[in-house]
Protein chains: 2
Amino acid sequence: MAKEIYTDWFKSLQDNICTALEQADGKATFEQDLWDRPGGGGGRTRIIRNGSVIEKGGVNFSAVHGETTQALQDKMGFPKAEFYATGVSIVIHPANPHVPIIHMNVRYFELSTGIAWFGGGIDLTPIYVVPEQAQYFHQTLKKVCDQHHDTYYPEFKKWADDYFYIKHRQETRGIGGIFFDRLQATDEISIEDRFAFVQSVGNAFAPIYTHLIAQNRDKTFADDHVEWQRVRRGRYVEFNLVYDKGTKFGLDTDGRIESILMSLPAHASWMYNYQTKPGSEEEKTLKYLKKGIAWDN
Amino acid sequence: MAKEIYTDWFKSLQDNICTALEQADGKATFEQDLWDRPGGGGGRTRIIRNGSVIEKGGVNFSAVHGETTQALQDKMGFPKAEFYATGVSIVIHPANPHVPIIHMNVRYFELSTGIAWFGGGIDLTPIYVVPEQAQYFHQTLKKVCDQHHDTYYPEFKKWADDYFYIKHRQETRGIGGIFFDRLQATDEISIEDRFAFVQSVGNAFAPIYTHLIAQNRDKTFADDHVEWQRVRRGRYVEFNLVYDKGTKFGLDTDGRIESILMSLPAHASWMYNYQTKPGSEEEKTLKYLKKGIAWDN
């Protein structure tokens with residue numbers, strides 16, 4: 001059955017990404033926690049900490065099923081039915097402020113009523129935006145998207161800008177990327193085509209991130225870089241706890257807390273009325289935390 | 001007019017508490033930011049940082065007015081009317097893990113339709129719960145409540161247990177205190193009586209907290225105490241960003257972000273699957289982070 005094929009593929013994606021990240025880090029390895037969901041299914045939470053590059057990161061696989069709860073029916077507009085949801089979710093917080101935070105999620109969802117879709121996204125949160133690297137990131141994602149459909153990149157790039165937005169700060173979480181949800185089969189695009197796209201996204205993660213690690217890992221940094229990193233991580237926490245739909249959904253539906261909140265950084269700071277210095281690297285980065293920047297050009 | 005009397009009293013409360021906290025700290029003093037609300041009114045945000053006791057704290061006064069927005073009508077069930085809201089809001093994050101975090105809010109709200117009420121609360125978040133101090137805190141609040149109505153303490157203590165609760169962690173934020181909202185005039189209790197109660201609560205803050213500072217400020221601490229402090233502060237951030245109605249309301253209605261989020265600590269940590277050691281002080285504290293403990297006995 002299709003869902004087993006997707007599930008197995010997500011598992012192998014988790015394996016491949018963990019291997020690539022361990023190799024890139026060179027010091028830390030993943031610890032695994034297996035967990036069962038009382039209502040059906042479970043997951044493999046994999047955490048890496050205190051590496052030579054990665055301070056804290058998680059690469060999680062899960063495949064859960066059961067009946068749509070009242071909360072799912074109310075909040076997501078689902079009918080009362082059997083659901084099946086599987087996917088991989090990743091957040092990596094590096095130690096060096098010059099190595100960007102990265103997030104990826106790829107997932108499949110189906111209902112016994114016959115509805116089925118893929119969702120996901122990949123976005124980058126540099127503490128210091130390096131324009132060439134932002135271009136590399138977006139151009140690579142555009143190539144991945146263009147292999148599947150020429151509307152994907154422009155549509156999903158805008159979706160990421162709108163989604164990864166900290167409304168109360170009027171700033172984006174980072175430089176965006178792509179975000180997509182409820183990609184069902186259409187007359188033009190089969191569910192297998194959607195799956196092929198999600199596979200391409202998933203497979204792009206390791207080469208993109210190991211490249212960005214290699215470019216930045218040896219850059220030196222001082223206390224004020226770390227201070228800015230912790231302030232930016234505070235914003236990351238604000239986004240995840242206030243706006244992120246996956247986090248909210250997990251908290252609302254009694255998901256496994258430690259797997260949901262592995263996305264939060266080891267250390268974050270809040271300073272009252274933090275202001276960047278005119279002309280500083282921090283100020284330059286702030287100017288890039290806006291919607292609608294054409295990084296693919 | 002009554003609202004001017006209440007407003008002036010809240011201002012003087014802010015002044016008195018700032019003076020008492022500066023005296024207790026002995027090193028840092030408050031900086032003040034005056035701000036105007038585009039729709040009407042404004043506030044005095046006062047921040048203290050890097051003191052000998054207080055790492056980061058805010059004592060904020062505001063008095064805002066205008067027409068109830070669509071958001072206020074939808075989320076709070078208010079009619080379209082003129083509103084007036086004033087009060088004082090405090091969060092203090094000390095440096096020493098043995099000095100508890102404290103929060104207080106006292107506020108008055110009225111609508112041009114004739115509705116008027118007081119709300120507020122005071123609650124304590126020790127990093128290490130000291131039972132005698134938790135008893136002192138609750139017994140003092142009980143005395144304050146009992147002066148005004150014998151149902152206040154039992155009712156408002158339970159309200160605080162239910163309100164300051166981190167549902168996804170199944171733990172309370174701290175040892176609670178009292179919480180109350182929409183205290184209107186009744187046949188038995190006039191709005192002046194409600195105001196007298198809120199004044200007693202406000203006036204109790206400085207003696208209670210300076211006592212707790214004096215009891216704990218000279219205790220020595222090590223790195224593992226600071227680690228636990230940062231983990232507990234992480235939970236404080238989770239509560240404020242996920243559940244706190246004042247924070248959510250402020251973010252939803254474009255309030256002054258720096259005044260709203262001054263409640264967040266300077267440094268917080270998230271560790272995957274943090275477990276306290278059996279028999280440790282941290283484990284003892286966790287056992288006290290439950291609803292329904294009769295600290296007034």
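The following legends describe close-up views of a predicted model.

**View 1. The open sheet of chain B.** In chain B, 7 strands are arranged as an open sheet with the order E1-E2-E3-E4-E5-E6-E9, and their pairing is antiparallel. Strand E1 (31-36) and strand E9 (177-183) of chain B form the edges, each pairing on one side only. On average, and with direction ignored, neighbouring strands of this sheet are turned by 10° against each other.

**View 2. Pairing of strands E4 and E5 in chain B.** Strand E4 (residues 82-94) and strand E5 (residues 101-111) of chain B are joined in the antiparallel sense over 10 bridges. Within this view, B:Tyr84 has B:Glu110 of E5(B) as its bridge partner.

**View 3. Helix H1 on the sheet of chain B.** Helix H1 (residues 2-25) of chain B packs on the sheet, where it touches strand E2 (41-49), strand E3 (54-67), E4 and E5 of chain B. The direction of helix H1 makes about 170° with that of E3(B).

**View 4. Helix H4 across strands E6 and E9 of chain B.** Helix H4 (residues 152-163) of chain B lies across strand E6 (116-125) and E9 of chain B. Relative to E9(B), helix H4 runs at about 100°.

**View 5. The surroundings of A:Thr69.** A:Thr69 belongs to the loop between strand E3 (54-67) and helix H2 (70-76) of chain A. Because A:Thr69 has 17 C-beta neighbours inside 10 Å, this residue counts as partly exposed.

Methods. Residues are numbered from 1 along each chain as its sequence is written. Chains are lettered from A and ligands numbered from 1 in the order in which they are written. This is a predicted model: local features need pLDDT of at least 70, side-chain atom pairs count only at pLDDT 80 or more; totals for chains, interfaces and linings use all residues. Two strands pair if DSSP finds at least two bridges between them. Helices (H or I, at least four residues) and strands (E, at least two) are DSSP runs, numbered from the N terminus. Axes are lines fitted to C-alpha atoms, for helices over the stretch in contact, and angles run from 0 to 180 degrees between N-to-C directions. Two residues are in contact if their C-beta atoms, placed from the backbone, lie within 7 Å. A residue is buried if 20 or more other C-beta atoms lie within 10 Å of its own, exposed if 12 or fewer, and partly exposed in between; C-beta atoms are placed from the backbone.
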